[in-house]
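This report looks at a pair of residues and then at the nonpolar core. Please keep the sequence and the model in view while reading.

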Amino acid sequence: MAGRTVRVRGLPAELPPDRVADKLTIHFLRSRNGGGDIAEVRVLPGPAPCALITFEAPEVAQRILKVKNHVLAIGGTRYPLEVTPHAVELSPDEVPRG
């Protein structure tokens with residue numbers, strides 16, 4: 001999955017994760033947003049939720065990263081998104097707690 005996954009921050013914490021995942025899927029499928037076919041969308045809930053989006057092809061992830069302003073519009077509210085590459089290795093602050 002290296003090179004095909006991006007991390008998205010700036011998601012609305014007040015919405016259910018499945019609704020956010022649906023909205024992200026629609027946004028990142030659109031070619032005008034640089035998007036393409038998506039393999040998986042995982043919303044990681046929390047006080048500052050984020051999502052991991054894995055695309056079918058690495059070139060789609062690279063196009064997404066080149067687009068400067070991703071904005072998710074939900075119910076009239078606009079959420080500016082921060083899209084960064086996602087490394088497969090977990091950094092120390094991302095180690096799952098059990």
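Predicted model: local features only at pLDDT ≥ 70, side-chain atom pairs only at ≥ 80, totals over all residues.

| Residue | Relative accessible area | Class |
|---|---|---|
| Ala39 | 45% | partly exposed |
| Thr54 | 3% | buried |

Thr54 is classed as buried because its relative accessibility is 3%, and the cut-off for buried is under 20%. Ala39, at 45%, is partly exposed. The side chain of Thr54 also makes a polar contact of 2.8 Å with the side chain of Thr5.

The largest nonpolar core is made of 22 residues. Those with the most contacts inside this core are Val6, Val8, Leu24, Phe28, Ile53, Phe55 and Leu81. At least two core residues come from each of strand S1 (5-9), helix H1 (17-29), S2, S3, helix H2 (58-66), strand S4 (70-74) and strand S5 (77-85). H1 supplies the most, four residues. In soluble globular proteins, nonpolar side chains tend to be buried together.

Which residues does Leu24 contact, leaving aside its neighbours within four places in sequence? Leu24 is in contact with Val8, Leu11, Val41, Val43, Ala51, Ile53, Leu72 and Leu81.

Methods. Residues numbered from 1 in each chain as written. Heavy atoms only, no water. Buried < 20%, exposed > 50% of the residue type's maximum accessible area, 1.4 Å probe, protein only. Polar contact = N/O pair within 3.5 Å; in protein donor to acceptor, adjacent residues only side chain to side chain. Core = buried A, V, L, I, M, F, W, Y, C linked by side-chain atoms within 4.5 Å. Contact = heavy atoms within 4.5 Å.
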